[in-house]
Amino acid sequence: MKIGIVCYPTFGGSGVVATELGMALAQRGHHVHFITYKQPVRLDFISNDIHFHEVFVEEYPLFQFQPYELALSSKMVEVVEMYNLEILHVHYAIPHAYAAYMAKQMLKEKGIELKVVTTLHGTDITLVGSHPNYKTAVEFSINNSDVVTTVSESLKNDTLRLFNITKDIRVIHNFIDFEQYPEIDSEECQRDTIANENERIIIHVSNLRPVKRAADVIDTFNKIQKEIPSKLLIVGEGPDRENLESLAKELGILEKVLFMGNSNEVNKLLCYSDLFLLPSQTESFGLAALEAMAARTPVISTNSGGLPEVNLHGVTGFLSNVGDTDDMAKNGIYILSDLDRLDEFKQNALKQAKQFSLKSILPFYKEVYREVIADCC
Ligand code: GMT
């Protein structure tokens, strides 16, 4: 199959899922073309069948905002025509599904039928997409996609609740490619560079935006470290970083909190982590939690959005109400205070992560592609 993939190229989960999916398809002999404004961070040219097409937006003094959708839909048309793409799979509705609709119409004028698959990832529906400023265009582009998928049951329900949807929505959960996510061997997993033998290592990975409620990470950690000697790793960059540093300083725990910045090798940090904190306001799925579980790290998260579909309460970690850092800390202490119990949670986390292996999830996307192609021409 010849597939175009459109995504955000940054460290966000939707870009990671899109990139991993494209690489997996190329490894299996499909022709994959990424179309976006920068090379996706996780993109590894592991096969001759992976191409990257950069979308340029010219600066012009008249524009207060650069017309990215216009440049993107023009690039979509160019790439589809040049490489005879059969499908455009767009990840994150804004503005990708809208640009794909425009490309589809432009190609139709040339007698070319393009199929559009839209995968909804989260805030394109919840925090941003349903805002009155965007809702009309987001609803239109969802309803005019050939196939729509969401990354969790919870996001499907949110989409149906917040929009007037006339299309069937399929749930295809996010996944982990266990072959590309090898276990780090003990030499590479340098735990002693971070903590002493008696200390536990707690980790949070995100883009430190308000929706992640990273201040709750500091608050929860502060409560845990009073009972259990521990260190906290904060991985990622974002607008809340400075506030987090100030908060850690105010609480007198700055020397126990390590800000690691963005990392492409999170598994080298997860390999020695004992607990992952994800206190998000909302999370359609929580890919970061799944990645932690794949590295045997139990998860303390909120019970919002799709998190209960990933993190099993009392089995792979615990779920708490948003903002209830007392409960999160209590649960964290429960897991960390007994090494046998910690080990059991670690094993359960890995077992649950395996339910979301690439091997089990990829066939669902392939089935969608085959169906839309069969329906074509
Ligand atoms: O929706 C977003 O905030 C951005 C998006 C991203 O690009 O990081 O995150 C969403 O998509 C991920 C991949 O499907 C999910 O794992 C995240 O839970 C989801 N984020 C939210 O719902 C806040």
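A salt bridge is taken here as a side-chain nitrogen of Lys or Arg within 4 Å of a carboxyl oxygen of Asp or Glu. By this criterion the side chains of Glu291 and Arg42 meet in a salt bridge, with an N to O distance of 3.2 Å, and the count between domain 1 and domain 2 is one. The structure is a predicted model, in which local features need pLDDT of at least 70 and side-chain atom pairs count only at pLDDT 80 or more, whereas totals for chains, interfaces and linings use all residues. Residues are numbered from 1 along each chain as its sequence is written, and side-chain values use heavy atoms, with hydrogens and water left out.

The protein is divided into domain 1 (2–175 + 357–376) and domain 2 (181–356), with bounds that come from an automatic or database domain assignment. The C-alpha centres of the two domains lie 30 Å apart. Contact, defined as heavy atoms within 4.5 Å, involves 21 residues of domain 1 and 17 residues of domain 2. The area buried between the domains, that is, the accessible area (1.4 Å probe) lost on putting the two parts together, summed over both, is about 1400 Å², of which carbon and sulfur atoms give 55%. Phe11, Arg42 and Asn174 supply 31% of the area that domain 1 buries against domain 2, more than any other three residues.

Because domain 1 and domain 2 both give residues to the shell around the ligand, the ligand lies between them. With a cut-off of one heavy atom within 4 Å, 16 residues surround the ligand, the closest being Gly13, Ser14, His121, Thr123 and Glu283. A polar side-chain atom of His121 lies 2.6 Å from an oxygen atom of the ligand, and an N or O atom in the side chain of Arg209 is 3.1 Å from a ligand oxygen atom. Ser284 places a backbone N or O atom 2.8 Å from an oxygen atom of the ligand. The protein covers 93% of the 480 Å² of accessible area that the ligand has on its own, as computed by the Shrake-Rupley method with a 1.4 Å probe.

Key: A polar contact is a pair of N or O atoms within 3.5 Å; within protein, one must be able to donate a hydrogen and the other to accept it, and residues adjacent in sequence count only if both atoms are side-chain atoms.
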